[in-house]
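Please read them with the structure open beside you.

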Amino acid sequence: MKKIIALALSLLMVFAIVACTAAPANSGSDKYEIAMVTDVGALMDKSFNQGTWEGCEAYAKEHGLTYKYYQPANGSEATDDDRYDAMKAAVQGGAKVIVTPGFLQGNALEKAAKEFPEVKFIFIDGWSMGLDNVSGIAYKEEQSGYLAGYAAVMEGYTKLGFCGGGGGTNPACCRYGYGFVQGAEAAAEAKGVDVEIKYTWQYGASFSASPELQTMVGGWYEKGTEIVFSAGGSIFNSITAAAAANDAKVIGVDVDQSYESDTVVTSALKGLTASVKWALAKVYDGTWAEISGANSASLGAESDAVGLPTATWSLKNWTVAEYEALLASIKSGAVVVDNTLLEADAIAAQPFKHVTIQYV
Amino acid sequence: MSFLIRETLVYAVPLMIVALAGVFAERSGIINLALEGIMIFGAFIGAFFIYEMQMNEVFVLQSGAANWGTMQMFVLLTMLVAGIAGAIFSLLLAFAAINLKADQTIGGTALNLLAPAFVLFFIRIIANQDDLRMYRGDAASWFMLKKSFFGLKEADGFFVNTFLNKVYITTYVCLLLFVLLSILLYKTKFGLRLRACGENPQAAASLGINVFHMRYAGVIISGFLAGMGGFVYALTTSNCVANGDVAGFGFLALAVMIFGNWKPLNIAGAALLFGLFKCMAASYSTLDLDGNGQYLLLNLSKDPVWGKILNANFYRLLPYLVSLIVLAFTSKKSRAPKAEGIPYDPGKR
């Protein structure tokens with residue numbers, strides 16, 4: 001009797017496995033035209049991936065296109081192969097455009113783009129690689145970081161902190177950090193105050209939250225740091241946890257994170273959603289060549305791709321009008337933010353007049 | 001100093017309580033390798049309970065400083081729920097190890113593999129993302145005890161700052177449970193019987209003790225504590241986020257249990273030692289050890305000579321290095337329960 005049951009169960013299992021693997025191949029109608037392959041971290045990370053995803057979703061819905069996201073295997077430890085597999089899965093799933101946020105996807109994307117020249121790739125935070133079917137879209141994060149640093153000091157904070165993700169190797173995070181310091185310096189100059197900034201790349205290398213990061217930032221707040229700029233996806237969780245315990249403040253990153261935690265004063269935005277829509281439109285309206293191949297886009301204040309969310313910020317001493325004025329002078333080129341990629345200790349060694357950087 | 005003690009407890013308390021969970025199972029004769037898995041499961045159930053409660057606005061009106069007492073009840077309730085979930089989850093191990101006489105190491109490993117997969121599967125369904133966060137607010141602003149709650153806003157004493165400010169009630173509940181359960185294990189009839197089943201179950205059975213029941217009791221208590229410890233970990237160190245991961249604290253707790261020689265007092269010492277160095281490694285940049293306004297460890301790491309060795313990486317190595325050194329001196333006396341890992345066979349003598 002037992003043997004018969006066991007046999008029946010194993011047959012059932014085999015059937016289930018066959019059914020599972022066979023299903024996608026049969027259903028030809030389930031094609032997804034716009035695909036997104038996620039960067040490290042969760043899709044709904046309330047930050048980088050989510051901003052991109054919302055852009056894909058919005059464009060697809062407006063134009064009645066099908067869309068889907070693919071997550072590379074192994075999460076934060078995804079290898080180039082995992083990412084490539086996800087892209088290949090997207091192509092097999094019928095993708096005509098693949099949106100890939102995150103510069104880490106570069107190697108996988110190059111391989112996939114060469115193999116599938118008929119598929120267009122939008123590479124957020126990336127470069128075009130000289131391939132006609134790849135469009136690299138970079139941002140001037142330094143301008144966004146500059147605005148955040150400027151706002152924090154103008155608001156009256158003099159003890160700042162910066163926690164970056166990617167261990168100091170992620171260009172976007174590096175630009176945020178350096179811009180933040182420059183903004184603080186400019187505002188300190190304008191106000192005639194001295195500013196201290198604690199600056200670290202520790203614990204955020206995989207863009208994930210960790211107890212150690214929470215303890216470290218908790219120690220900063222305990223010793224007087226008033227506001228910390230969290231530039232790295234889910235490390236935000238650890239930093240807000242530490243801030244909430246100390247009734248201190250946080251600056252969010254990439255998207256408006258004020259909905260996430262009451263500790264968020266403002267967020268250094270990059271217009272992910274808007275620019276993903278913008279780039280997708282270029283795929284469909286025949287102007288793709290403008291942003292692909294030898295051309296790539298670097299979006300900053302002049303294309304409204306960076307800024308602070310004035311509607312939801314809780315700044316009291318720095319007005320929206322003053323913000324608009326500063327943004328306008330960045331747009332016009334009157335204020336230029338240096339975007340050199342500097343190592344953290346090189347930033348600390350810069351001859352700032354009003355800012356002291358303590359590199360941790 | 002207050003900061004260091006507070007943060008040390010944050011690391012040490014989940015380790016202590018989960019290591020004690022291991023002791024209860026192993027003292028009854030069942031190796032509980034599944035501590036990590038049970039913690040993950042408990043953390044998920046705890047976070048999910050809070051998420052649901054918040055979503056259904058059960059405690060919304062009570063959030064904030066004025067009603068901190070209610071919020072503490074909410075935390076205690078969640079601890080209980082996470083504990084019960086852990087106990088139920090551990091029944092899988094108990095059933096495999098006691099009824100089916102399966103290999104306990106493999107059973108535990110299976111649970112460790114099952115828990116993150118199971119948890120992530122449900123988190124995806126519930127939250128459509130890889131982690132389950134609180135429905136609103138931050139853990140600290142909802143559940144943390146602050147000195148202003150006790151009307152001590154101005155007080156600046158060492159005791160108040162260390163033990164009544166920026167702490168979670170879970171810390172004290174766990175410490176209390178730790179003491180009570182240690183007494184249960186060593187000073188009561190039940191504790192003696194439980195330990196007997198881990199040393200020589202046949203002898204215990206010959207005196208009329210039901211070994212099956214005792215082992216079930218050991219595993220269930222173990223599961224309860226580990227599940228609760230998982231939630232405590234999520235609440236105090238990760239903003240009440242469940243993501244199918246407890247940063248290896250379950251395995252660390254196993255190590256602490258062996259390090260502490262299966263004895264509660266030694267375990268407490270081992271957990272505190274480990275927690276202290278872990279905390280020092282994380283907060284070295286703002287640690288004023290001798291109270292002179294200088295951050296000694298940070299200065300050392302910046303020093304051109306000392307900094308080559310005494311830098312962030314070295315500090316992060318310290319907790320493990322210190323544990324190894326202490327083990328080298330103490331491991332000779334280490335003695336595991338004799339019958340642990342061996343399925344009970346009444347016919348064997």
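1. In chain B, buried residues make up 49% of the 349 residues, where a residue is buried if 20 or more other C-beta atoms, placed from the backbone, lie within 10 Å of its own, exposed if 12 or fewer do, and partly exposed in between. This is a predicted model, in which local features need pLDDT of at least 70 and side-chain atom pairs count only at pLDDT 80 or more, while totals for chains, interfaces and linings use all residues. Residues are numbered from 1 along each chain as its sequence is written, and chains are lettered from A and ligands numbered from 1 in the order in which they are written.

2. Chain B has 14 helices and zero strands, these elements being DSSP runs numbered from the N terminus (helices are H or I with at least four residues, strands are E with at least two). The C-alpha trace of chain B spans about 65 × 55 × 40 Å along its principal axes. Of the contacts in chain B with a separation of 6 or more, 78% are between residues 24 or more positions apart, a contact meaning that two C-beta atoms, placed from the backbone, lie within 7 Å.

3. The largest nonpolar core has 220 residues, among which Leu15(B) and Met16(B) touch the most other members; such a core is a set of buried Ala, Val, Leu, Ile, Met, Phe, Trp, Tyr and Cys residues joined through C-beta atoms within 7 Å. Because domain 1 (28-140 + 274-299) and domain 2 (141-270 + 307-359) of chain A both give residues to this core, it lies between them, the domain bounds coming from an automatic or database assignment. Leaving aside neighbours within four places in sequence, the contacts of Leu15(B) include Phe249(B), Leu252(B) and Phe274(B).

4. Chain A holds an open sheet of six strands in the order E2-E1-E3-E4-E5-E11, with parallel pairing, where two strands pair if DSSP finds at least two bridges between them. Its edge strands, each pairing on one side only, are E2 (67-70) and E11 (297-299) of chain A. Strand E1 (residues 34-37) of chain A is joined by three bridges to E3 (residues 97-101) of chain A, and Ile34(A) stands opposite Val97(A) there.

5. Helix H4 (residues 106-115) of chain A packs on this sheet, touching E3, E4 (120-124) and E5 (134-139) of chain A, and its direction makes about 165 degrees with that of E4(A). Helix H9 (residues 272-284) of chain A lies across E1, E3, E4, E5 and E11 of chain A, at about 160 degrees to E4(A). These angles run from 0 to 180 degrees between N-to-C directions, with axes fitted to C-alpha atoms, for helices over the stretch in contact.
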